[in-house]
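Here are my notes on this model, point by point. Have the structure open while you read.

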Amino acid sequence: MDFVSTTPDDRRRCRVLDIPVDACRDVRAAALGLHARGGGRIVTLNAEMTMTARANPELRRAIASAELVIPDGAGVVWALSRQGVKVVRSPGIELAWTLLSYAAAHQWRVALIGASPEVMSALQQNLPDQLPGLNLVMAVHGYQPEEAWPGLKSQLLGLQPDLILIALGVPRQETWSQAIGSGVAGLWMGVGGSFDVWAGVKTRAPSWMGRFQIEWLYRLIQEPSRWRRMLSLPQFVWEVIRKGERATR
C-alpha cells in the first residue's frame, strides 16, 4: 500500500494512478482540524479529475500540494479498495455544505467565488435564509473579465475569510486556489457544480443512483455535452486494472 504520511487526525495519504488521495475516518473532522491548524486547501478527487491530472502537470501539482484530498468519486473508492484501503465515498458537495453550516453556527467569514452571475445572485439571496448567521463577506461570480481577477484576489486576501468555496470548474478552481491560497489562512475548497445545485439550477442524482454508483449517468442526462469527458471513466477503470494497483505489505 503506498502511504506517504500519517497525520495526527488519522489521515493516511495514498495514491491512485500516482495521484494522491487521503484515507480518513471522518472528512468533516479532518477539514475542521485543518482549519484549527491554520487552514489549507481541500481537493475532492474523482476518476475524471484523476485522469485529467495525469495529463495536466499543473493540476497534478495542485492536488499534490493540497493539505486534504478526499475521495469524492466511487471510482476512487473502488481503486483504493483494490489496495486494501477501505474508505467511504465523501461527496464534495456534502462536505462543502457541512462546512457552510458550521461556518454559520460559529461566525466564520465566508467567501464564494465562481458560477454564473444568476447563480451567485440566487445564492446571495437564498443562503442567508437557509443558514441563519452566515457571514458572507464576499460573493463574486466567475464570469469576470481577465483584468478584474488581480483586484479580486487582493480584496479576497484582505478580507481574511475562514472558508473560501470556489466553483470555477476543474482544473481552474484547483490551480487558482493553489496560486492564491497556498500558505494563507482559511479553508480553500473547489466545489465544482455545487453552487448550481444550491441555487436550484440543477439537481443532484437520486440517492438510489448513488447507491448503484451511477450518478455519472444522471449528470450526463442533465449535461449531454459532458459525454467526451465521461470517456475518462472507462479509461480510469482500465488503467487501474492494467496497473494492478493492489496493496503491498
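1. The buried residues of α8 are Gln173, Glu174, Thr175, Trp176, Ser177, Ile180 and Gly181. Buried here means under 20% relative accessible area, with exposed over 50% and partly exposed in between (1.4 Å probe, protein chains only). Because 7 of the 10 residues of α8 (172-181) are buried, the helix is largely enclosed by the rest of the structure. Just past its end, Gly183 has a positive phi of about 80 degrees. Helices (H or I, at least four residues) and strands (E, at least two) are DSSP runs, numbered from the N terminus.

2. Before going on, some ground rules: this is a predicted model, where local features need pLDDT of at least 70 and side-chain atom pairs count only at pLDDT 80 or more, while totals for chains, interfaces and linings use all residues. Residues are numbered from 1 along each chain as its sequence is written, and side-chain values use heavy atoms, leaving out hydrogens and water.

3. Pro171 sits between β7 (163-167) and α8, and a cis peptide bond with omega of about 5 degrees joins Val170 to Pro171. Gly192 is 21 residues from Pro171 in sequence, yet their C-alpha atoms are 9.7 Å apart in space. Gly192 belongs to the loop between β8 and α9 (194-198), and is partly exposed at 30% relative accessibility.

4. Which elements each supply at least two residues of the lining of the largest cavity? They are β3 (39-45), α8 and β8 (186-190), with β3 giving the most, 4 residues. The lining includes Gln173, Glu174 and Ser177 as well as Trp188 and Met189. The cavity's volume is about 40 Å³, and the count of cavities of 30 Å³ or more is 1. On a 1 Å grid over the protein atoms alone, a cavity is a set of points where a 1.4 Å probe fits but cannot get out, and a pocket is an open set with protein on both sides within 12 Å along at least five of seven lines; lining residues have an atom within 4 Å of a point. A volume is the space filled by probe spheres set on the points, which are joined across faces, edges and corners.

5. The second largest pocket holds about 180 Å³ of space. Its lining has 13 residues, with Ala23, Cys24, Arg25, Lys86 and Val87 nearest the centre.

6. On helix packing, the axes of α7 (149-159) and α8 come within 12 Å and cross at roughly 60 degrees. That makes α7 oblique to α8. Angles under 35 degrees count as roughly parallel, over 145 as roughly antiparallel, 65 to 115 as roughly perpendicular and the rest as oblique. Axes are lines fitted to C-alpha atoms, for helices over the stretch in contact, and angles run from 0 to 180 degrees between N-to-C directions.

7. Two backbone spots to check. Most residues other than glycine have a negative phi. Gln107, in the loop between α5 (92-105) and β5 (109-114), has a positive phi of about 60 degrees and is exposed at 60% relative accessible area. Gln160, in the loop between α7 and β7, has a positive phi of about 50 degrees and is exposed at 62%.
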